[in-house]
Amino acid sequence: MDKLLILHFGELSTKGNNRALFIDCLYSNIRRLLKDYGEARVEKSPAHIYVSLPEGYAREVEVVSLLREVPGIQRLGLGYRLGRDIREIKEASLEILLRERPASWKAKVHRADKSFPLDSYGVANEVGGYVLQNGGPSVDVHDPKMSLEIEIRPEAAYVSYEEIPGAGGYPLGMNGKVLLLLSGGIDSPVAAYRLLRRGILVECLHFASPPYTSEAVMDKLHDILRKLNRFQAKIRLHVVPFTALQEAIYRHVDEPYCITVMRRMMMRIAAKASEKYRCPAIATGESVGQVASQTLESMKTINEVTNVPVIRPLAVSDKLAIIEDAKKIGTYEISIRPYEDCCTIFAPRKPKTKPRIEEARKMEERFDFAPLVEEALQGISDFVISAEEGDIDI
């Protein structure tokens with residue numbers, strides 16, 4: 001028997017004529033991920049992707065751990081590839097059940113190849129009877145402790161006995177790329193994670209205001225992105241020098257509108273940067289009502305300065321759910337380090353919660369911001385954050 005991991009696609013099964021493109025993308029991502037695991041061979045079919053493992057393979061747990069994080073895999077089944085012979089299927093099923101010794105079990109049979117002489121019920125009956133006759137555990141079709149999944153396809157039969165949840169979503173890179181506004185806080189890394197799960201690559205844009213913000217913020221960003229390297233091997237980080245523009249805002253704009261105008265400037269810069277970096281959309285970590293500047297009225301006023309689509313993956317998420325995700329991906333403890341970014345350092349005491357577009361425009365007419373926006377764009381520093389290679393200036 002060939003031991004293998006059977007990778008199930010989940011949402012990809014709904015893709016109709018485009019299904020093959022999604023599977024090819026996922027197959028390429030998995031091969032790239034496992035390139036240093038030479039004995040773990042990756043194969044694909046229209047139904048599944050298979051990762052063959054030698055018996056006693058020392059890195060099996062490591063491979064499973066890596067594959068669980070791959071966007072596009074709904075679940076992993078641990079099992080075997082067999083010949084299309086009912087005797088071989090029965091013997092393999094008995095061997096698995098005698099080794100695993102569940103209190104009860106049932107067979108779930110999928111006969112994809114209708115030319116197989118037994119139907120699904122017939123296969124389940126044959127396997128169940130053989131297991132019981134040879135000292136195997138009892139069958140419980142209602143509440144089994146283990147499900148033995150038997151799939152019969154034209155090329156082979158597959159028996160799997162352990163289901164491991166995957167990340168779900170779509171293969172990374174299948175749905176394009178966005179420019180994510182990344183702070184050092186809890187929310188934007190979680191926004192990145194949710195985008196990655198939908199098959200969207202991320203590049204990150206951070207607004208830095210030295211000397212008001214600490215260099216330690218940059219360390220936070222690098223550590224956060226290294227956590228996200230589990231999902232995207234290399235992530236570009238673009239750091240915008242924002243001090244001059246931010247100081248001008250706080251000199252010329254009434255305090256309640258400072259945060260609104262600041263975010264409008266950020267959006268102008270992000271829109272131009274997204275064109276430069278070939279990202280058809282911008283993304284943020286905003287959640288409706290979480291803070292004063294994240295009301296619907298505020299979002300409308302901020303969005304007014306650009307026609308580039310703005311994606312907000314956390315828009316209707318509960319804060320506790322966001323924190324739970326941050327802990328799950330390992331960014332929470334990094335994000336709560338006590339180093340503030342430019343948004344928190346310059347936060348007004350009484351921000352306008354329902355800013356009006358006309359008022360924001362009037363505030364911006366008080367100073368010539370266009371040269372400052374251009375200066376910020378020209379001063380962007382670029383890095384590549386990679387778990388394998390460390391940080392690379394580009």
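Q: Leaving out residues up to four places away in sequence, which residues does Ser 298 touch?
A: Ser 298 touches Ser 293, Thr 353 and Pro 355. Just keep in mind that this is a predicted model.

Q: Thanks, and which helix is Ser 298 in?
A: Ser 298 lies in helix H9, which covers residues 296–303.

Q: Is Ser 298 buried or exposed?
A: Ser 298 counts as buried because its relative accessible area is 0%, and the cut-off for buried is under 20%.

Q: Let's switch to Arg 198. Where does Arg 198 lie?
A: Arg 198 is in the loop that runs between helix H5 (187–197) and strand S10 (201–208).

Q: And how accessible is Arg 198?
A: Its relative accessibility is 35%, so Arg 198 counts as partly exposed.

Q: What is Arg 198 in contact with, neighbours within four places in sequence aside?
A: Arg 198 is in contact with Glu 11, Gly 169, Tyr 170 and Asn 175.

Q: What separates the C-alpha atoms of Arg 198 and Thr 295?
A: Those two C-alpha atoms are 25 Å apart, and the residues are 97 apart along the chain.

Q: New topic: what's the strand order in the eight-strand sheet?
A: The order is S2-S3-S1-S4-S8-S7-S5-S6, in an open sheet with mixed pairing. Strand S2 (41–44) and strand S6 (138–139) are the edge strands, each pairing on one side only.

Q: In which sense do S1 and S4 pair?
A: Strand S1 (residues 2–8) and strand S4 (residues 75–82) pair in the antiparallel sense, over seven bridges. Ile 6 stands opposite Gly 77 in S4.

Q: Which strands does helix H3 touch where it packs on the sheet?
A: Helix H3 (residues 86–100) touches S4, strand S5 (104–111), strand S7 (146–152) and strand S8 (157–165), and its direction makes about 160° with that of S7. Helix H4 (residues 120–133) also packs on the sheet, touching S5, S6 and S7, with its direction at about 150° to that of S5.

Conventions. Residues are numbered from 1 along each chain as its sequence is written. This is a predicted model: local features need pLDDT of at least 70, side-chain atom pairs count only at pLDDT 80 or more; totals for chains, interfaces and linings use all residues. Side-chain values use heavy atoms; hydrogens and water are left out. Two strands pair if DSSP finds at least two bridges between them. Helices (H or I, at least four residues) and strands (E, at least two) are DSSP runs, numbered from the N terminus. Contact means heavy atoms within 4.5 Å. Axes are lines fitted to C-alpha atoms, for helices over the stretch in contact, and angles run from 0 to 180 degrees between N-to-C directions. Buried means under 20% relative accessible area, exposed over 50%, partly exposed in between (1.4 Å probe, protein chains only).
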